[in-house]
Every structure is written in C-alpha cells, then in structure tokens.
Amino acid sequence: MTGKDRPLRLFQFPRMFDIPNLSPFCCKLETWLRIAGIPYEVEVTTNPRKGPRGKLPFVDDGGVIVADTTIIIDHLKRTRGVDPDADLNASQRAIALLVQRTLEEHYAFVLAYTHLIREEGQRHTNERFDALPTLVRPLVSHLVAKQVGKILWFQGLTRNSHEEIVESALRDWRAVLTVIGPGPYFFGDTPSSIDAVVFGTLASSVLTPIDTPIRSYLRSQPGCLDYAERMRARFFPELLTAPNVMKRSASA
C-alpha cells in the first residue's frame with residue numbers, strides 16, 4: 001500500500017457549537033486535511049492521554065502514529081505529496097510562520113483561559129462532559145479546570161490580570177488582521193496552511209456562544225466574521241445543515 005493509499009485516522013475531541021472543534025489545534029488539523037484533500041476518518045475521544053504526547057490531536061497513518069499538528073502536517077506533505085503552500089513566496093512563508101507563532105504560542109493559551117477557566121466559558125464548555133455519569137461530572141470538570149489553570153500559571157498567562165490578558169489577546173489579533181490579505185483567503189484566492197491556523201483559532205473565538213471582549217472585538221472588525229463563516233461554509237458545509245457529524249471519509 002502506497003503512502004497516498006494508507007488509511008488516515010484522526011483522533012480528536014468531539015465537535016461542539018457547529019464548528020469543527022473547540023480545540024484550535026484539532027480544528028486546524030482537520031481544516032488542513034480538507035484544504036489538502038486528504039481523506040480521513042475521525043476517532044472521537046475526550047482523553048488526551050491516549051495520544052503519544054498526552055495531547056490531542058494525533059493521527060494513525062496506516063499504523064504510524066504521529067502527534068503535534070505541525071509535525072503531522074510536515075509528515076503528510078512528505079508522504080502524500082500534497083503541499084497547499086507550494087506557491088507561497090519567501091515573504092509569505094515568513095508572515096505565515098509569525099502569525100502561526102502568535103496564535104499558537106500565545107493566543108491559544110488565552111482561549112484556554114476564556115473558554116475553560118472563566119465562568120462565562122465554563123458555562124458552555126462543560127457540555128463536553130455530558131457523556132460522563134451525572135455524579136462525576138462536577139468532579140471531572142473541577143479537576144480539568146484545575147489542571148488547565150496550573151498550566152496557564154506556569155506558562156505565565158494567569159500571573160497577569162484579566163484586563164491585561166484580554167488586552168494581550170487583542171494585540172495578537174490586531175497584528176494578525178493587519179497582515180491578512182483582502183481575501184477571500186489569507187494570501188488571496190487560494191487557501192494555504194495558514195488559513196487552517198487562523199480559522200482554527202477564529203472559529204473558537206467568534207463562532208461559539210462564549211461571550212468575551214475578544215469575541216466582541218473580532219466580530220466588529222470588517223471581514224473577520226465573514227472570513228470565519230466562509231471557511232466553515234467551504235470546508236465544513238455539513239456543519240451548517242447537519243451538526244455534530246463525527247466521521248469524514250472524503251475531503252471538501
């Protein structure tokens with residue numbers, strides 16, 4: 001069996017809120033698979049410890065287990081011979097890397113804070129524990145929030161005030177929105193890997209009911225909500241008509 005023919009299984013969190021995934025990294029990877037046109041099947045799990053690095057997502061590529069979205073994408077580019085970034089020039093590649101670093105190595109921690117720690121976020125995201133027995137849900141929710149809180153403290157984010165955290169996130173997005181092109185995609189008429197990154201974080205920020213100052217700001221920016229809805233409509237049309245579809249065997 002050739003690399004292109006090997007079955008690909010994507011392990012990730014369940015869907016919520018009619019977006020590909022609440023996790024920006026799970027959403028990024030599944031979006032990238034659809035941009036690249038790589039068939040896959042989703043294996044839903046709520047337990048990150050099943051992954052080789054204790055995190056989701058990860059993939060099983062015909063028995064080869066690969067974790068970390070950037071490493072997975074590099075692996076699939078190499079083994080599938082598909083590269084959505086092939087036509088990007090050096091400047092565009094540099095901008096894409098800087099945007100990725102901004103969103104994945106800073107803003108993603110803010111999302112964890114607003115969605116999993118703050119009460120207005122927990123009120124909605126605790127639905128992910130609904131499959132558990134009623135008696136243990138509060139305990140599991142508390143333990144998960146405590147673990148995420150510890151990560152954010154050691155990372156340094158929650159050593160700042162709420163106002164400082166929000167302002168730092170707004171600075172992230174002001175920078176990203178300054179360099180994004182007029183569309184329809186980040187670098188013009190053709191989607192590339194950075195669109196998966198941006199949509200992965202934007203979907204959780206503006207296409208969920210979790211109300212934050214960041215959400216309000218982004219939804220007020222010209223074209224920002226349109227971009228998120230355009231990405232969802234093109235690559236995940238089933239979420240507009242049949243929410244919570246768990247399996248996908250062909251790309252959009």
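Reader: In which helix is T69 found?

Author: T69 is found in helix 2, residues 69-80, where helices (H or I, at least four residues) and strands (E, at least two) are DSSP runs numbered from the N terminus. This is a predicted model, in which local features need pLDDT of at least 70 and side-chain atom pairs count only at pLDDT 80 or more, while totals for chains, interfaces and linings use all residues. Residues are numbered from 1 along each chain as its sequence is written, and side-chain values use heavy atoms, with hydrogens and water left out.

Reader: What makes T69 buried or exposed?

Author: The relative accessible area of T69 is 5%, and buried means under 20%, exposed over 50% and partly exposed in between (1.4 Å probe, protein chains only), so T69 is buried. Leaving aside residues up to four places away in sequence, T69 touches F25, K28, L29, P57 and E104, contact meaning heavy atoms within 4.5 Å.

Reader: Why is D68 called partly exposed?

Author: The relative accessible area of D68 is 34%, and therefore D68 is partly exposed. D68 lies in the loop between strand 4 and helix 2, and has a positive phi of about 75° although it is not a glycine. D18, in the loop between strand 1 and helix 1, likewise is not a glycine and has a positive phi, of about 60°; at 30% relative accessibility, D18 also counts as partly exposed. Most residues other than glycine have a negative phi, and most peptide bonds are trans.

Reader: Which peptide bonds are cis?

Author: The bond from L56 to P57 is cis, with omega near 5°, and P57 has its place in the loop between strand 2 and strand 3. A cis bond also joins G183 and P184, with omega about 10°, and P184 is found in the loop between helix 6 (162-179) and helix 7.

Reader: How do you know that strand 3 pairs with strand 1 and with strand 4?

Author: Two strands pair if DSSP finds at least two bridges between them; four bridges join strand 1 (residues 8-12) to strand 3, and these run antiparallel, while four bridges also join strand 3 to strand 4 (residues 64-67), again antiparallel. L8 stands opposite D61 in strand 3, and the bridge partner of D60 is I65 in strand 4.

Reader: What makes strand 2 and strand 4 the edge strands?

Author: The four strands form an open sheet in the order 2-1-3-4, with mixed pairing, and strand 2 (41-44) and strand 4 each pair on one side only. Helix 2 packs on this sheet, touching strand 1, strand 3 and strand 4, and its direction makes about 135° with that of strand 4.

Reader: Why is helix 3 called roughly parallel to helix 7?

Author: Helix 3 (residues 90-117) and helix 7 (residues 193-206) pack at an angle of about 20°, with their axes 10 Å apart. Angles under 35 degrees count as roughly parallel, over 145 as roughly antiparallel, 65 to 115 as roughly perpendicular and the rest as oblique, so helix 3 is roughly parallel to helix 7.

Reader: Which residues of helix 3 and helix 7 meet?

Author: From helix 3, A96, V99, Q100, L103, E104, Y107, L111 and H115 meet I194, V197, V198, T201, S204 and S205 of helix 7.

Note on methods:
Axes fitted to C-alpha atoms, helices over the stretch in contact; angles between N-to-C directions.
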